[in-house]
Amino acid sequence: MPDLPPIVIPESEVEVTAVRAQGAGGQNVNKVSSAIHLRFDIRKSSLPPDHKERLLALSDRRITRDGVLVIKAQSHRTQELNRAEAWGRLQELVESVAQPPRQRRPTKPTAASRRRRLEEKSLRSQVKLLRQPVSE
């Protein structure tokens, strides 16, 4: 399949807020808001309808019942790096649903596999018949 052009998400559709990071970081962690909360409303976005549908169908705990995707990035010490990571994760998630899933075509069992199945069934039947009590 041909590569699809990357989907561009306008900055106006994304709400980015800085929050205090959790975890280790010494005294600096209490003073600086270096973690990033990125909120992206899937339903109100300019994504194509099929992309929105597939995004909302994902069983991802970051997507709320209202259809808002919340990404928290706090692995870096600077706000800029965390913002870049959050945007990267958003882009990655959107691109993961860009390709429609392949349609499954049911297959038929081969003639040989059908024959083997029936042979095994008759063999089982014989074994079970031999287990029965002998009638006099």
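Predicted model: local features only at pLDDT ≥ 70, side-chain atom pairs only at ≥ 80, totals over all residues.
Residues are numbered from 1 along each chain as its sequence is written, and side-chain values use heavy atoms, with hydrogens and water left out.

Asparagine 82 belongs to helix H2; helices (H or I, at least four residues) and strands (E, at least two) are DSSP runs, numbered from the N terminus. Is asparagine 82 buried or exposed? With a relative accessible area of 0%, asparagine 82 is buried, where buried means under 20% relative accessible area, exposed over 50%, and partly exposed in between (1.4 Å probe, protein chains only). Leaving aside residues up to four places away in sequence, asparagine 82 touches Ser34, Ala35, Ile36, Ala73, Gln74, Ser75 and His76, a contact being heavy atoms within 4.5 Å.

Now follow H2 itself. Its 18 residues reach 26 Å from the first C-alpha to the last, close to the 26 Å expected at 1.5 Å a residue; the expected span is 1.5 Å times one less than the number of residues. Along H2, Asn82, Ala86, Trp87, Leu90, Leu93 and Val94 are buried. Seen down the helix axis, the buried residues of H2 fall within an arc of 135 degrees, so they line one face of the helix; the arc is that of the directions from the helix axis to the C-beta atoms. The face turned away from this buried side carries the exposed residues Glu80 and Glu92. Strand S1 (14-19), S2, helix H1 (49-57) and S3 are among what covers the buried residues of H2.

That brings us to the largest nonpolar core, which has 20 residues, with Leu38, Phe40, Leu69 and Leu90 making the most contacts inside it. Strand S2 (35-41), strand S3 (68-73) and helix H2 (79-96) each supply at least two residues of this core, and H2 gives the largest share, five residues. Such a core is a set of buried Ala, Val, Leu, Ile, Met, Phe, Trp, Tyr and Cys residues joined through side-chain atoms within 4.5 Å. The contacts of phenylalanine 40, not counting residues up to four places away in sequence, include Ile9, Val14, Leu47, Leu69 and Leu90.

Finally, look at the charged pairs. How many salt bridges does the structure hold? There are four, each a side-chain nitrogen of Lys or Arg within 4 Å of a carboxyl oxygen of Asp or Glu. In H2, glutamate 85 and arginine 89 lie four residues apart, about one turn of the helix, and their side chains meet at 2.9 Å, N to O. Helix H1 holds arginine 54 and aspartate 50, also four residues apart, with their closest N and O atoms 3.3 Å apart. Arginine 54 counts as buried at 19% relative accessibility, whereas aspartate 50 is partly exposed at 35%. In helix H3 (residues 111-131) you will find glutamate 119 and arginine 115, bridged at 3.4 Å, N to O.
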